[in-house]
Amino acid sequence: MAENAEGDLNSNLLHAPYHTGDAQLDTAIGQWLRWDKNPKTKEQIENLLRNGMNKELRDRLCCRMTFGTAGLRSAMGAGFCYINDLTVIQSTQGMYKYLERCFSDFKQRGFVVGYDTRGQVTSSCSSQRLAKLTAAVLLAKDVPVYLFSRYVPTPFVPYAVQKLKAVAGVMITASHNRKEDNGYKVYWETGAQITSPHDKEILKCIEECVEPWNGSWNDNLVDTSPLKKDPLQDICSKYMEDLKKICFHRELNSKTTLKFVHSSFHGVGHDYVQKAFQVFGFKPPIPVPEQKDPDPDFSTVKCPNPEEGESVLELSLRLAEKENARVVVATDPDADRLAVAELQENGHWKVFSGNELAALFGWWMFDCWKKSKSGNADVKNIYMLATTVSSKILKAIALKEGFHFEETLPGFKWIGSRIKDLLESGKEVLFAFEESIGFLCGTSVLDKDGVSAAAVVAEMATYLETMNLTLKQQLVKVYEKYGYHISKTSYFLCYDPNTIKRIFERLRNFDSPKEYPKFCGTFAILHTRDVTTGYDSSQPNKKSVLPVSKNSQMITFTFQNGCVATLRTSGTEPKIKYYAEMCASPDQSDTALLEEELKKLIDALIENFLEPSKNGLIWRSV
């Protein structure tokens, strides 16, 4: 009897016109309960409705996700602005509509789908299930789908898109975000992440296709459709073969006595990093047993981001000490980023920042190119790239060595699409990076890749050991030759979009309307660039060379003392990030003085421009 009563209640909920006093919300509730076939997420909305939680219903149902620096990303759970079965179906229907318009051969070339190991029991939502639904929507429309049969590193999807000549691909991942999140990362036929105008056009198409089509929920198609293929073996072996292009000392690697520890941070990386090391001639790295296998709760770390440093690398460092391994490599949960630590002679660990690792990678990739190039290779054909908030060390190396350096907007999607352009015009790109430990050695993949970077770091450490040098000692040599670049990057958490907007608008109207600050505390500002509005005081026409990025906040200040500092919002998390770097010439070698100057400037930046106590900003917990 009770069961029937419950059934009646649900049936009334399902068919009742909702009278919350908000017509938009009433419509959204009706749509959700009609369209969602996942019992767990449907129940979440029904419970909110039953309990009269109109504000939360509005928050969940009356807005949509938009494309940030890494595609669609949000918490898993019920609602149109969350990641769940229904929103992934809607997103894929929009993708189908847009791709059908862009490619007449869409149904010949097909689409790639990969996924990581995230999941949430309360929403019955996992990356694997979302990947199956993505595939189902397309299979139901007779599109061939290359769906990986198990979890893969994120770089495998863009790599597969290129190798299989597919029109596009999606990776279901939220990378190193907190465990509650998931995401939908889209790659174009080039193998680079989508940029404007594709992202805006896809969103328009999603808006036009919100009601699930017949067949969109039919995930059985993944097991029954002849149009579904599993690219895992083929792509993995081709990827490993291509890795050989950036391996320069295989024989040395096979003989080294150096030991390496690898943590895969409860994600996808273990098997793939093991294979990559073997391709480079190494014995497999020693895995951190507690973090080797996928765990969607990331139960041994407070957050699954290796960028957080020593506090999250604890298990790796202790294992390395026990095993007498001097170098630790850690890939983030979807294996597209890499953290590196090295044991120093004083018994302490040096955890390298993304900018420090880039200095080493830049030196290494150029040095290997020089030693292996053919006689007619021209240094002027060589390029390296970095995002604009990253260290300018590659610029300094490029100026001295004669190759080209370019910078892009933050986000590897900009790097990937620029590399594609350079390759098409016959240029060679050796290395690209973003300071948040995202590295790309070579151009087999057009996105950051922690798997290949881990093997390259191991080879670099092996080579340096034959010269009696550590990674840290070599870093000092790079700085001595090209100039010290001392940087610091951190962030504040801010969950209120209005506060964020107010902070940046104040900087645009500092002492008077439409006037940027001329000083930060006692530090004089030489130039200001505001990529949000397209203004750059250093350009003759006052227009930013980097494309305008209206959807995110980003202002860069160049100071009289040679420091460059940027304030920006994160494209994937509720953060205001700050980046500051002192760029010194090779004759300025007093690092203590440079560090002191940088610290004072950052303190002034926080106090005068971000005003954390006044704005209720939450300091990053260290």
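Guide: The domain bounds used here come from an automatic or database domain assignment, and for this chain that assignment gives domain 1 (31-236), domain 2 (247-481) and domain 3 (484-619). With those bounds, the centres of domain 2 and domain 3, taken over C-alpha atoms, are separated by 27 Å. Please keep in mind that this is a predicted model.

Visitor: What makes domain 2 and domain 3 count as being in contact?

Guide: Contact requires heavy atoms within 4.5 Å, and 18 residues of domain 2 are in contact with 17 residues of domain 3. The area buried between domain 2 and domain 3 is about 1500 Å², with carbon and sulfur atoms giving 58% of it. On the side of domain 2, Val 389, Leu 409 and Tyr 479 supply 35% of the area buried against domain 3, more than any other three residues.

Visitor: Why is the pair of Arg 529 and Glu 407 called a salt bridge?

Guide: The rule asks for a side-chain nitrogen of Lys or Arg within 4 Å of a carboxyl oxygen of Asp or Glu; the closest N and O atoms of Arg 529 and Glu 407 are 3.7 Å apart, so the pair meets the rule. Across the interface of domain 2 and domain 3 the rule finds 1 salt bridge, alongside 7 residue pairs in polar contact.

Visitor: Which elements supply the side of domain 2 that touches domain 3?

Guide: Helix 17 (393-401), strand 15 (404-408) and helix 20 (471-482) each supply at least two residues of that side, and the largest share, 4 residues, comes from helix 20. Sorted by class, the side of domain 2 that touches domain 3 has 7 nonpolar, 5 polar and 6 charged residues.

Visitor: What makes the pair of Glu 307 and Arg 337 a salt bridge, and where in the chain are the two residues?

Guide: The N to O distance is 3.9 Å, and because the cut-off is 4 Å, the pair of Glu 307 and Arg 337 qualifies. Glu 307 is in the loop between helix 14 (289-292) and helix 15 (314-323), whereas Arg 337 is in the loop between strand 11 (327-331) and strand 12 (338-343), so that the pair, 30 residues apart, links distant parts of the chain. A search of the whole structure finds 44 salt bridges.

Technical notes: Residues are numbered from 1 along each chain as its sequence is written. This is a predicted model: local features need pLDDT of at least 70, side-chain atom pairs count only at pLDDT 80 or more; totals for chains, interfaces and linings use all residues. Side-chain values use heavy atoms; hydrogens and water are left out. Buried area is the accessible area (1.4 Å probe) that two parts lose on being put together, summed over both. A polar contact is a pair of N or O atoms within 3.5 Å; within protein, one must be able to donate a hydrogen and the other to accept it, and residues adjacent in sequence count only if both atoms are side-chain atoms. Ala, Val, Leu, Ile, Met, Phe, Trp, Tyr, Cys and Pro count as nonpolar, Asp, Glu, Lys and Arg as charged, and the others, Gly among them, as polar.
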